[in-house]
Amino acid sequence: MTEAALIGWSRAQFALTACYHWLFVPLTLGLAVIMAIMETVYVVKKDDFWKKTAKFWQKIFGINFAVGIATGIILEFEFGTNWSNYSWFVGDIFGAPLAIEGILAFFMEATFVAVMFFGWDKVSRRFHLASTWLTGIGASISALWILVANAWMQHPVGMEFNPDTVRHEMVDFWAVVTNPVAITKFFHSVLSGWMTGAIFVIGVSCWYLLKKREQRFARSSIRVASVVGIVGTIAVMFTGDGSAVHVAEYQPMKLAAAEGLEDGGTKAPFSIVPGVEIPGMLSLLATHDVDGYVPGINDLIDGYVAPDGSAGLSAEAKKERGDLALQAFRTYRENVDTDPVAAAEAKKVLEENVDYFGYGYIEDSAELVPPVWMVYWPFRIMVGLGCFLLLLMVVVLWLEYKGKIEKFRWLHWTAIFSIPLVYIAGQCGWIVAEVGRQPWAIQDLLPVSAAVSSLSTGSVITTFCIFVAVFTLFLAIEIRIMLKAIRKGPQTAVEDTAVGSVSQN
């Protein structure tokens, strides 16, 4: 098969693993906060009802947590198996956050999650509560380091290219950690997990209301989850605004694709759907100025000069500079041991053009345009579902506050069917982030065509099919175990506690 087939299947395998992994991560992040708040209420009020409630959601958290770890480990291994050129080229930088995540955050989670699950009635209430909070904090710290690595791919900073080792090497660790894209992406992703956890808890609780079971448990869970979800969703909207500014500055092609904007300009409109636009809104979102200039797809390909005098090189000009960088690199490598003068001259040319190094691998300017429909529509689905789910949580919380939520069966069904919707919204967000970056594995530095491993396409197809089967099996098992736990209900947790107390006595 062709090289294009190898790249396509390698991308498909990585996307498959990432999408499955993201089915488990947001629920972990959201449930961690919700169950910690419930246990906090238990410790403060000393009411065993809240202990029962917290233990039930901890059980659901544990099921999800275990499966999420398995998919995450596979995802990290794929950088070495399927993207070995990428790992060699930037492993010194990309590997550091992942190593910290494994050493610090993962071990922190593993330590305190054990106390959280097995420490009931064995350690003090306050120590157990601290373990529950630290489990959630550990999950967020884990997400932080992974998102630092991902953000560096979107906006590479804090590194220099070493032509002797043919690697980008980290020169400023704190620049990588405090990358503005990383900070925004961290809060946006973690807080979206709050929304996922909230919708999940509300949906399950509404199922109990439909069945006329566990009424106090269901209403109390709805109350806590709705507050967490509303706060998280509103914060997600604010961080989304910051993300739009960063995308406009560092990845303008992604923004243009997300808006289907062929020709940019000042007072750029925001497209709600094709043919329905809000004049000037895109400029406001991207630059915080309704008169701000936003380049379109054609502007980024052909080059442009903005009204303020700032200019963007054409794709052809970037490719020319990329070719210069690649040729200078080759010349340096050929002469570094035999002709120091020629090597020094080549190194100077390389340093002047290294920012466009990746463009030397681009054969056609059309490659620089991501598939617009795969960015445009997922963005609108994500935003539309986010607004709907926020409205749902506000209505549910209001009716619960008024004591009328049991009366609205249609709302119960809406909440139940909203559980898959919140997952769709999360998946769409990652599609926008990752597909919108194409063709780059690392923005402007390394295209996916140069990052892929030298594998047979058949082996990638085989592992892809295996992963489909295994991940689907994981998901089916998780759903089955969760449904079994939900059908049994939270009363089981109380019975387990009582049995444990008798056995200890």
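Helices H1 and H4 are roughly antiparallel to each other, because the angle between them exceeds the 145-degree cut-off. The model you have open is predicted.

**Stop 1: H1 and H4.** Select residues 3–45 for H1 and residues 125–154 for H4. Two packed helices are described by the angle between their axes and the distance between the axes. Here the angle is about 165 degrees, and the axes are 9 Å apart. The crossing of H1 past H4 is left-handed.

Now show the side chains where the two helices meet. On the H1 side, pick out residues including Leu-29, Ala-32, Met-35 and Tyr-42. On the H4 side, the contact residues include His-128, Leu-129, Trp-133 and Gly-136. Sorted by class, this contact has 10 nonpolar, 6 polar and 3 charged residues.

**Stop 2: Ser-189.** Next select residues 180–210, which form helix H6, and find Ser-189 within that helix. Is Ser-189 buried or exposed? Its relative accessibility is 8%, so Ser-189 counts as buried. Leaving out residues up to four places away in sequence, Ser-189 touches Trp-22, Leu-29, Leu-147 and Trp-430.

**Stop 3: H16.** Move on to residues 457–488, helix H16. This helix has 32 residues and spans 46 Å from its first C-alpha to its last, close to the 46 Å expected at 1.5 Å a residue. Color its buried residues, among them Phe-464, Phe-467, Phe-471 and Glu-478. What covers these buried residues? The cover includes H1, H6 and helix H2 (48–81).

Terms used:
Residues numbered from 1 in each chain as written. Predicted model: local features only at pLDDT ≥ 70, side-chain atom pairs only at ≥ 80, totals over all residues. Heavy atoms only, no water. Axes fitted to C-alpha atoms, helices over the stretch in contact; angles between N-to-C directions. Helix = DSSP H or I, 4+ residues; strand = E, 2+ residues; numbered from the N terminus. Parallel < 35°, antiparallel > 145°, perpendicular 65-115°, else oblique. Left-handed = near helix turned anticlockwise from the far one by under 90°. Contact = heavy atoms within 4.5 Å. Nonpolar A, V, L, I, M, F, W, Y, C, P; charged D, E, K, R; others polar. Buried < 20%, exposed > 50% of the residue type's maximum accessible area, 1.4 Å probe, protein only. Expected span 1.5 Å × (residues − 1).
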